[in-house]
Amino acid sequence: MRLVDVQQAVAEELARIAPVIDELGELFAAAGHELALVGGPVRDAMLGRHSNDLDFTTSARPEQTDRILRGWGDAWWDMGRDFGTIGCRKGDWVVEVTTYRSEAYDPGSRKPEVQYGDTLAGDLGRRDFTVNAMAVRLPGQQIEDPFGGVVDLANRLLRTPARPEDSFSDDPLRMMRAARFAAQLGFTVDEPVVAAMRGMADRIAIVSAERVRDELVKLVCAPYPRLGLTLLVDTGLADHVLPELPMLKLERDEHHRHKDVYEHTLTVLEQAIDLEDRLGGEPDFVSRFAALMHDVGKPKTRRFLDDGTVTFHHHDVVGAKLTRKRMQALRFSGDEIDAVCHLVELHLRFHGYGSGEWTDSAVRRYVRDAGDQLARLHVLTRADCTTRNQRKADRLRRTYDDLEARIARLSEEEELASIRPDLDGNQIMEILGIPPGREVGEAYRMLLELRLDNGPMSEEDATAALRAWWSAREQ
């Protein structure tokens, strides 16, 4: 990226957002305060990216900022007041204004100690990376770049304004941000920064699980997640936040007969991303994280046979349990945990399909078991083929095409996505003359299995099957 391109991009973006930033700048100046556009919006402007979410920094204290924004915006919030941040919305614009500050972690604390500053230069000096330590003073639109962020942006390099050891000591989460920004921007991380990450990786332990989780989600959903994940593994950070990933670097057996599971996993993740148009085209964390975790059960299930081959029996089930434990530790929601673990547990199911030997009953069960994760399971299963043998890859693709075609045909014929018995609970109780209870559930499950085996039945045939089952059960 050339410097002239950076300069042109920021000029165009500042012209676009000028009505908002200049007006706010004049309001703060009239009240005797400094204001500057800062951080991500400045960086993204130089990259030619447009956003209506704008971050500012100011000499005003939060209560002073609050008064100004209430006279300007349409809606306001102050959830970040403890950190000096007041937010508001005006039309399509969302702004957050933060008092000049510095943050530092006590060695044994999970929460930053917020201290307000008095200068823009001091505020920029405490920021994480030089590309985020640039500002535009308002009004007047004077660019401030005391740490060479523009040059680093042009060179696609990630550096810290101060010594990386000092920066990471102030907030250890910045080590994960380095990996996240590498994944988001495709930048190279400066070697002194990498060295500091490697030497201070254990400091991430004082950061709350929720903050680590949020950075991990942003990394995984970034355009280049391999860059960030590789950095986490190479620096040892992954040993603390996602230890299942580096464990996939299995030692090869003496005959080198099984592939590198770690590299395979990163390739599966990238191939799943390439298939996201099937899921709407936007980054999908659940499918991406399932791709990342689908083989984490292999280290615990690896067995060497007498002939030198290696097996990983039941690594799908073991992997689902390990994934659940890790996601719970990172405080993911129950729905996200269930979805990812379900995909990990089912990711091998297709391999029983062979060349199409499944009966319609087996296809129905595949759909039933996948439930609302069927589209994601299609993506994960297709992405899991990383063989370099083109003929084998083509054969697997054609076979899965065939399975999807059968699912589509059965779905059209039988409303496969909402499979249920041909009699409901009320009908079961009326036919058998029984009250609500365990027997109704048993009868319902029997009819569901019958539905999966035979497809739709008439009410007459389902009633006869129910009576026959009940008679045999009583006997």
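Reader: Which orientation do helix 21 and helix 22 take to each other?
Author: In this predicted model, helix 21 (residues 438-454) and helix 22 (residues 459-474) pack at an angle of about 125 degrees. Axes are lines fitted to C-alpha atoms, for helices over the stretch in contact, and angles run from 0 to 180 degrees between N-to-C directions. Angles under 35 degrees count as roughly parallel, over 145 as roughly antiparallel, 65 to 115 as roughly perpendicular and the rest as oblique. Helix 21 and helix 22 are therefore oblique.

Reader: What pLDDT do local features need?
Author: Residues are numbered from 1 along each chain as its sequence is written, and side-chain values use heavy atoms, without hydrogens and water. The model is predicted, so totals for chains, interfaces and linings use all residues, side-chain atom pairs count only at pLDDT 80 or more, and local features need pLDDT of at least 70.

Reader: Is Asp284 buried or exposed?
Author: Asp284 sits in the loop between helix 12 (261-274) and helix 13 (285-293); helices (H or I, at least four residues) and strands (E, at least two) are DSSP runs, numbered from the N terminus. Buried means under 20% relative accessible area, exposed over 50%, and partly exposed in between, with a 1.4 Å probe and protein chains only. Asp284 has 13% relative accessibility, so Asp284 counts as buried.

Reader: Which residues is Asp284 in contact with, leaving aside its neighbours within four places in sequence?
Author: Contact means heavy atoms within 4.5 Å. With those neighbours left aside, the residues in contact with Asp284 are Glu276, Leu279 and Arg376.

Reader: What phi does Arg331 take?
Author: Helix 15 covers residues 315-329, and its buried residues include His315, Gly319, Leu322 and Arg326. Among the elements that cover these buried residues are helix 13 and helix 16 (334-346). Just after helix 15, Arg331 has a positive phi of about 65 degrees.

Reader: Is His314 buried or exposed?
Author: His314 belongs to the loop between strand 13 (310-311) and helix 15. Its phi is positive, about 65 degrees, although His314 is not a glycine. At 60% relative accessibility, His314 counts as exposed.

Reader: What is the omega of the peptide bond from Leu138 to Pro139?
Author: Pro139 lies in the loop between strand 8 (135-138) and strand 9 (142-144). Gln141 is also found between strand 8 and strand 9, with a positive phi of about 55 degrees. The peptide bond from Leu138 to Pro139 is cis, with omega near -10 degrees.

Terms used:
The expected span of a helix is 1.5 Å times one less than its number of residues.
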